[in-house]
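I opened my notebook to look up a few local features.

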Amino acid sequence: MIKKAALYLLFVCLSTSLAPAWAASGSDCVYEHSGVDVQQFKKSRHVIGFDKLERNTGYIGALKGIGGFHLQLYSCVHYGATLTVLLGPNPNAETVTKTFDLLPALLFPAVDVVKVKAALKEVRLDALYTPQHLERLTTELGMTDMRVQIIDTDGMSLLVFSFYGG
């Protein structure tokens with residue numbers, strides 16, 4: 001129980017600290033327009049235990065066969081989301097590839113899924129321990145920034161995928 005609570009706290013702290021600084025700017029943010037269809041995300045057959053943390057801004061749950069996640073939405077001056085996925089200790093290439101295969105359908109409209117999947121296939125897995133900016137995809141989708149990174153903390157690996165536009 002204590003380990004579960006500690007992981008939850010670590011998850012939330014890392015997810016919110018990795019969100020862009022402007023996400024907290026301004027007081028009247030409309031999170032429903034983050035660009036992520038939360039109902040589609042929640043109803044995916046790959047998502048289990050989807051729970052709301054904060055009204056229209058933060059959610060947690062698990063991706064079947066992968067691990068827990070924290071989804072942080074924002075829409076103030078910019079719009080977007082940060083999805084943090086707990087991969088466990090020393091994730092193998094298969095786990096990362098499986099996660100990359102699921103992310104586009106969870107986060108993007110159907111019209112963009114193929115483009116996002118193709119861009120993620122080009123990411124070198126051995127380079128993920130530094131932020132990888134998906135510049136070409138960012139331009140194609142009319143976004144401001146898209147990035148992916150694996151962060152190791154306390155023996156656990158977190159995959160952080162974020163995007164924003166506007």
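**Entry: Arg 147 and its partner.** I looked up Arg 147 and found it partly exposed, at a relative accessible area of 26%. My cut-offs: buried is under 20% relative accessible area, exposed is over 50%, and partly exposed lies in between (1.4 Å probe, protein chains only). The side chain of Arg 147 meets that of Asp 145 in a salt bridge, 3.0 Å from N to O. I count a salt bridge when a side-chain nitrogen of Lys or Arg is within 4 Å of a carboxyl oxygen of Asp or Glu. Asp 145 is buried, with 11% relative accessibility.

**Entry: the ground rules.** I note that this is a predicted model, where local features need pLDDT of at least 70 and side-chain atom pairs count only at pLDDT 80 or more, while totals for chains, interfaces and linings use all residues. Residues are numbered from 1 along each chain as its sequence is written, and side-chain values use heavy atoms, with hydrogens and water left out.

**Entry: other salt bridges.** How many salt bridges does a search of the whole structure find? I got 5. One of them joins the side chains of Arg 136 and Glu 140, at 3.4 Å from N to O. Both residues lie in helix H5 (residues 135-140). They are 4 residues apart, about one turn of the helix. I take helices (H or I, at least four residues) and strands (E, at least two) as DSSP runs, numbered from the N terminus. Arg 136 is exposed, at 51% relative accessibility. Glu 140 is partly exposed, at 41%.

I then checked Lys 117 and Asp 101. Their side chains form a salt bridge of 3.3 Å, N to O. Lys 117 is in helix H4 and Asp 101 in helix H3, so the pair ties together parts 16 residues apart in sequence. Lys 117 is partly exposed, at 28% relative accessibility. Asp 101 is also partly exposed, with a relative accessible area of 40%.

**Entry: H3 against H4.** That pair sent me to the two helices. Two packed helices are described by the angle between their axes and the distance between the axes. At what angle do H3 (residues 93-107) and H4 (residues 110-121) pack? I read about 155°, with the axes 9 Å apart. That makes H3 roughly antiparallel to H4. Angles over 145 degrees count as roughly antiparallel, under 35 as roughly parallel, 65 to 115 as roughly perpendicular, and the rest as oblique.

Which residues meet? From H3 I listed Phe 100, Asp 101, Pro 104 and Ala 105. From H4 I listed Val 113, Val 116, Lys 117 and Leu 120. Contact here means heavy atoms within 4.5 Å. The residues of this contact divide into 6 nonpolar, no polar and 2 charged.

**Entry: positive phi.** Most residues other than glycine have a negative phi. I looked for exceptions. Asn 90 has a phi near 45°, a positive value in a residue other than glycine. Asn 90 sits in the loop between strand E4 (79-88) and H3. Asn 90 is exposed, with a relative accessible area of 73%.

Asp 154 also has a positive phi, about 50°, and is not a glycine. Where is Asp 154 placed? I found Asp 154 in the loop between strand E6 (143-153) and strand E7 (156-165). At 72% relative accessibility, Asp 154 counts as exposed.

Conventions:
Axes are lines fitted to C-alpha atoms, for helices over the stretch in contact, and angles run from 0 to 180 degrees between N-to-C directions. Ala, Val, Leu, Ile, Met, Phe, Trp, Tyr, Cys and Pro count as nonpolar, Asp, Glu, Lys and Arg as charged, and the others, Gly among them, as polar.
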